[in-house]
Amino acid sequence: MKRFLLLFSIIFSGLLSSQTQLNLIPYPQKVIINNGTSDIPNQILVREVNNDSLHLQVKVYNDFLKNDSIRFLVSNHGVPKYTFVGLEKVKSEVDGGNDGYKLEINDKRISIKYHNEKGKFYAFQTLIQLIKQFSTEKKIPNLLIEDSPKFAWRGMHLDVCRHFFTVEEVKQYIDYLAMCKLNTFHWHLTDDQGWRIEIKKYPKLTQIGSKRKESMIGAYVDNTFDGKPYGPYFYTQEQIKEVVKYATERHITVVPEIEMPGHALAALSAYPELACTKGPFESATKWGVFDDVFCPKDETFTFLQNVLDEVIKLFPSQYIHIGGDECPKTRWKECAHCQELIKKNNLKDEHGLQSYFIHRIEKYVNSKGRKIIGWDEILEGGLAPNAAVMSWTGIKGGTEAAKSGHFAVMTPGSYCYFDHYQGDPQTEPNAFGGFTPLEKVYSYNPIPSELNAEQSKYILGVQANLWTEYILDFKQVQYMIFPRLFALSEVGWGTTIPENYKEFENRVVEHFKILDKMNINYAKSIYNISGKVIPNNNGVSYELSTSQNPNGIKYTVDGSEPKSNSATYQNPISILKAMTVKSAYFENEELKSAISSQDFKTSKTTGKSITLEYQPSENYSFGGAFTLVDGIIGNVKQLGKTWLGFQGKDVVATIDLGEKTQFSEVYFNTLDNKGSWIHFAKSATISISDDGKNFKTVKEIGKDEILKAKGKINLKVGNQSAKFLKIKIENAGIIPAGNPGADSKAWLFVDEIGVQ
């Protein structure tokens, strides 16, 4: 509807040229552009009767204009002779929402009507964006905007445990959220790699737990460390108060996270008596999940309750995040106290013990007038009565919570993990894995399709997460969140139109000018060449695209670097043999993008029809089953676009070769990265068929052969002739004790399946 109203106004007002599209993010719910324009002076007066805090509010608004020459000034006297902002608080909801606002610009006057202070703040954020867009012309179109957010929780997370960020950097982060109209800052303050919040009753948490002897660097599989002590880094309680006050002034709620019962090594390094074993312990120097967790004994609960007492005094948020994720049960299985506790309370198993732990903590937090929220593993063994779920492993946790009458925040890794790659992994800085480009974030709908209208009310909203294993400084923080934060903003506001993504992308590109003024190091991945493998009659073709003029794409197929006089891309490139395609974007013969490079290895399966019995995890499913026959061999250091990942599932793939085909070798790759719960396959079976129904096994291998080949499997299967090829690659199953993630489902990663 909003696009129709905008188009209608453009056609009949006679005002707008093609240059006056409103570049607002998030786009408002309703926009009407009227005849005429209003001047933008360097000083815009703001008037509101009986508002003693207006000076402070205007100071905050001006903080968002500090890179511009225009300023707001408070004026409560008379009628000014030039543009001013008149504020009016109304009793009823504006545009159907408490946080809504009505912004009208007309004849040198800007009118803002709002129901609460959040609505006023959001109105000013819209006005500030308009000022920035039209600051050169010094004229804003006369318009009417009626607007309110769809979701109550519009959040962004920051992990300060793997890598630490200063108070000033955290404030900048909060500013980024505020200018995008997000309202929740999830502050991840404790983990295995560091304890970052001062707790006065337990000083050793920061004396010991806030530092580690060294840090992992580079790709995880390299297992390399820098040898440099890290820390002590933590926030004092005064600094915490300062950040909370700063966020409150920008209408952002700070939700603290204190991890339990897992991710506790930093705390155990300071207080080893809280563990199931005697230790000693130290803050983790590498990334991943570790077996040593809090032991559910009385002294542990006393410790955690005392910690929470201090946390609750510092943070006025309704919710306290207690983590609850990735808690291995290895130590609990071996602990006499834990086993006795399971028997005493008639718990089913260690998962029941986790539920007991969460229930006990929730009861205490509830007694303080607060609620708990945790990652979706808190569903294990039964959800605590008043708990909310943060659904990260997919949408299942949030869906289950909503169906059972519990609130949920949707933050699935496949859409909302901003530590994933956002462009071609070969042209991006080292990242955790996955592939979450801007368009994918923008396409997300936080309400699962299987929920009815009543159940959907329990979806509080959406949040993105930034884990910082591979983010060494704040410039990299900026790079990973921008421009994806813009997409998250519009998803949370509820005004995305995925089928009109290009229109959104155009607004993003205009916002790059604002980011440039703010000296923000944003990712320019949307300028780079994007490659997509598509099937054709002879195998596959490589389709190139860019957000810019497609005539600017130059490419080579011989491995040489593309230049301005290289071939101009016009049609998908046929991949008929092993080759390397390199491409880049040029403008006026000048290189404007990174050079993208893609190697291809073809086989008799390349481009053929393939089906999977079990689907991969959403986080690692780019391209679907076709990824296994697209001619691209996966990079073992980049778990991005070229691998499929299956948690707890086998790969059972059937390839239709189209006709009876002769071959004698079958190859595929699988990974081993135990720190990330990725294990080599347990076995592999190759079968063939002429009708796709009756299969004959021609080769089987076990774990020892896979280990010996280090996951690079090339099997001699004898001279075979068949129309169908089936390959079963068996998942390692449950991770055994002594490994990260013990007792959890292992991941199986597989790339290209080929025959020669």
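**Entry 1. Glu 326**

I looked up Glu 326 and found it in the loop between β15 (319-323) and α9 (330-334). Helices (H or I, at least four residues) and strands (E, at least two) are DSSP runs, numbered from the N terminus. This is a predicted model, in which local features need pLDDT of at least 70 and side-chain atom pairs count only at pLDDT 80 or more, while totals for chains, interfaces and linings use all residues. Residues are numbered from 1 along each chain as its sequence is written, and side-chain values use heavy atoms, with hydrogens and water left out.

I checked the record: UniProt places the feature "active site" at Glu 326, in an unreviewed entry. UniProt positions are in the numbering used here, feature names are shortened, and annotations may be inferred rather than shown by experiment.

I then listed contacts (heavy atoms within 4.5 Å). Leaving aside neighbours within four places in sequence, Glu 326 touches His 263, Val 289, Glu 377, Trp 392 and Trp 677. With His 263 there is a polar contact, side chain to side chain, at 2.9 Å. A polar contact is a pair of N or O atoms within 3.5 Å; within protein, one must be able to donate a hydrogen and the other to accept it, and residues adjacent in sequence count only if both atoms are side-chain atoms.

**Entry 2. Ser 744**

I found Ser 744 in the loop between β35 (712-730) and β36 (747-750). Ser 744 and Glu 326 are 418 residues apart in sequence and 8.6 Å apart in space, C-alpha to C-alpha. Beyond neighbours within four places in sequence, Ser 744 is in contact with Trp 677, Gly 733, Ile 734 and Ile 735.

**Entry 3. Helices on α11**

I looked at α8 (residues 298-314) against α11 (residues 350-367): the angle is about 40° and the axes are 11 Å apart. Axes are lines fitted to C-alpha atoms, for helices over the stretch in contact, and angles run from 0 to 180 degrees between N-to-C directions. That makes α8 oblique to α11; angles under 35 degrees count as roughly parallel, over 145 as roughly antiparallel, 65 to 115 as roughly perpendicular and the rest as oblique. Among the contact residues are Phe 301 and Leu 304 of α8 and Tyr 356 and Phe 357 of α11. By class, this contact has 8 nonpolar, 1 polar and 3 charged residues. Ala, Val, Leu, Ile, Met, Phe, Trp, Tyr, Cys and Pro count as nonpolar, Asp, Glu, Lys and Arg as charged, and the others, Gly among them, as polar.

For α10 (residues 336-344) and α11 I noted an angle of about 85° and axes 10 Å apart. α10 and α11 are therefore roughly perpendicular to each other. Cys 338, Gln 339, Leu 341 and Ile 342 of α10 meet Glu 350, Leu 353 and Tyr 356 of α11. I noted the classes as 5 nonpolar, 1 polar and 1 charged.

**Entry 4. Backbone exceptions**

Most residues other than glycine have a negative phi, and most peptide bonds are trans. I noted a cis peptide bond between Met 260 and Pro 261, with omega about -10°. Pro 261 lies in the loop between β14 (253-260) and α7 (265-270). Another cis bond joins Gly 279 and Pro 280, with omega about 0°. Pro 280 is in the loop between α7 and α8. I also noted Asn 50, a residue other than glycine with a positive phi, near 60°. Asn 50 lies in the loop between β2 (43-47) and α2 (54-63).
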